[in-house]
Amino acid sequence: MSGGAKGTGVNLLKILCVHGYRQNAKAFREKTGSLRKALKRQAEFVYIDAPNTIPVPDEENGVEQLGWWFSKPNNCFNAREESTFCEGYDESVQVIVDAIKEHGPFDGILGFSQGASMVGFICSLQCQGDARFNFDFAILVAGFKSVNSFHKSLYERPVTMPTLHVFGDTDNVIPKEMSEDLLTYFVDPQTVKHPGGHFVPASSPQKKVYIEFLNTFVQKKVAES
């Protein structure tokens with residue numbers, strides 16, 4: 001297959017990138033180098049930091065670890081444990097709003113792990129009429145449905161915007177069953193599986209799906225330019 005629809009200069013898709021728990025913008029950018037290279041003809045990527053700092057052991061000092069919300073006191077988070085405690089979520093929504101104002105407009109938004117679930121919240125808010133958000137599409141990698149009661153209302157209405165969901169068969173951090181459960185809250189979601197674990201895949205089979213998914217939006221942007 002060819003490279004698909006190609007954007008040039010102002011016609012490149014602009015995608016906001018939301019890192020995973022215990023990552024930061026710099027680390028996520030480095031970990032998605034293969035993805036950026038694979039999609040360099042379609043998109044440019046902007047990375048942002050979550051606002052919530054995770055305490056780290058002394059031996060890990062110097063590596064900033066951040067999160068989008070905490071589900072337990074003392075700045076802790078567990079994706080699999082039900083919780084009525086939520087801290088840092090509102091601040092995270094505001095960080096994304098501020099990023100749109102400062103670096104936008106964006107065509108799409110991409111998230112990984114906890115960041116993918118955060119992207120799911122943003123999709124839900126947009127579909128509920130929140131005018132702060134106007135993304136054409138979203139890509140969720142290793143996403144999951146939050147089991148925090150604070151987020152319950154965000155799953156009450158289906159998300160109708162175009163989404164691509166990516167998950168690994170051997171992901172032991174966010175098992176694929178958790179990502180598959182999230183799919184039920186989206187209308188006509190596209191999916192791509194890979195045989196690996198907890199990372200953003202960019203091998204040839206996934207690259208083909210990414211490009212096909214993005215082509216519609218590249219062509220739309222070119223037509224509107």
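This is a guided tour of the structure above, stop by stop, with what to select and what is there.

The model is a predicted one, in which local features need pLDDT of at least 70 and side-chain atom pairs count only at pLDDT 80 or more, whereas totals for chains, interfaces and linings use all residues. Residues are numbered from 1 along each chain as its sequence is written, and side-chain values use heavy atoms, with hydrogens and water left out.

**The whole chain**

Followed from the N terminus, the order of elements is β-α-α-β-β-β-α-β-α-β-β-α-β-α. The radius of gyration of the protein, 17 Å, is close to the 17 Å that the globule rule gives for 225 residues, so the protein is as compact as a globular protein of that length; here the radius is taken over C-alpha atoms, and the rule is 2.2 Å times the number of residues to the power 0.38. The C-alpha trace spans about 50 × 40 × 35 Å along its principal axes.

Colouring by accessibility shows that 52% of the 225 residues count as buried, where buried means under 20% relative accessible area, exposed over 50%, and partly exposed in between (1.4 Å probe, protein chains only). If contacts (heavy atoms within 4.5 Å) are drawn for separations of 6 or more, residues 24 or more positions apart account for 77% of them.

**Helix α3**

Next select residues 89–103, which form helix α3; at 1.5 Å a residue, its 15 residues should span 21 Å, and the end C-alpha atoms are 21 Å apart, which agrees. The expected span is 1.5 Å times one less than the number of residues. Show the side chains of Y89, S92, V93, I96, V97, A99 and I100, the buried residues of α3. They cover an arc of only 155° around the axis, which puts them on the same side of α3, the arc being that of the directions from the helix axis to the C-beta atoms. Turning to the face away from this buried side brings up the exposed residues D90, K101 and E102. The elements against which the buried residues of α3 pack are β1 (13–18), β2 (43–48), β3 (52–53), β4 (66–67) and α4 (114–127).

Stay in α3 and centre on Y89, which is buried, with a relative accessible area of 8%. Leaving aside residues up to four places away in sequence, Y89 touches W68, W69, M118, F121, L125, F150, H151 and L154. A C-alpha distance drawn from Y89 to N52 reads 9.0 Å, although the two are 37 residues apart in sequence.

**Aromatic rings and charges**

Now select the rings of Phe, Tyr and Trp (its six-membered ring), which pair if their centres lie within 6.5 Å, with planes under 30 degrees apart counted as stacked, over 60 as edge-to-face and the rest as tilted. By this rule there are 13 aromatic pairs. One of these joins F28 and F112, whose ring centres are 6.0 Å apart with planes at 20°, so the pair is stacked. F28 belongs to helix α1 (residues 25–31) and F112 to strand β5 (residues 108–112), so the pair ties together parts that are 84 residues apart in sequence. Both F28 and F112 are buried. Elsewhere, ring pairs link Y21, W69, F77, Y89, F121, F144, F150, Y155 and Y185 into a cluster.

K145 lies over the face of Y155, 4.9 Å from the ring centre, and K14 lies over the face of F106, at 5.5 Å.

**Backbone details**

For the last stops, switch to the backbone. In the loop between α3 and β5, select P105, where the peptide bond from G104 to P105 is cis, with omega near 5°. Then move to R22 in the loop between β1 and α1; its phi is near 70°, a positive value in a residue other than glycine, and R22 is partly exposed, with a relative accessible area of 44%. N75, in the loop between β4 and α3, likewise has a positive phi, near 60°, and counts as partly exposed at 24% relative accessibility.

Finish at G33 in helix α2 (residues 33–38), a partly exposed residue with a relative accessible area of 23%.

Note on methods
Helices (H or I, at least four residues) and strands (E, at least two) are DSSP runs, numbered from the N terminus. A charge sits over a ring if NZ of Lys or CZ of Arg is within 6 Å of the ring centre and within 35 degrees of the ring normal.
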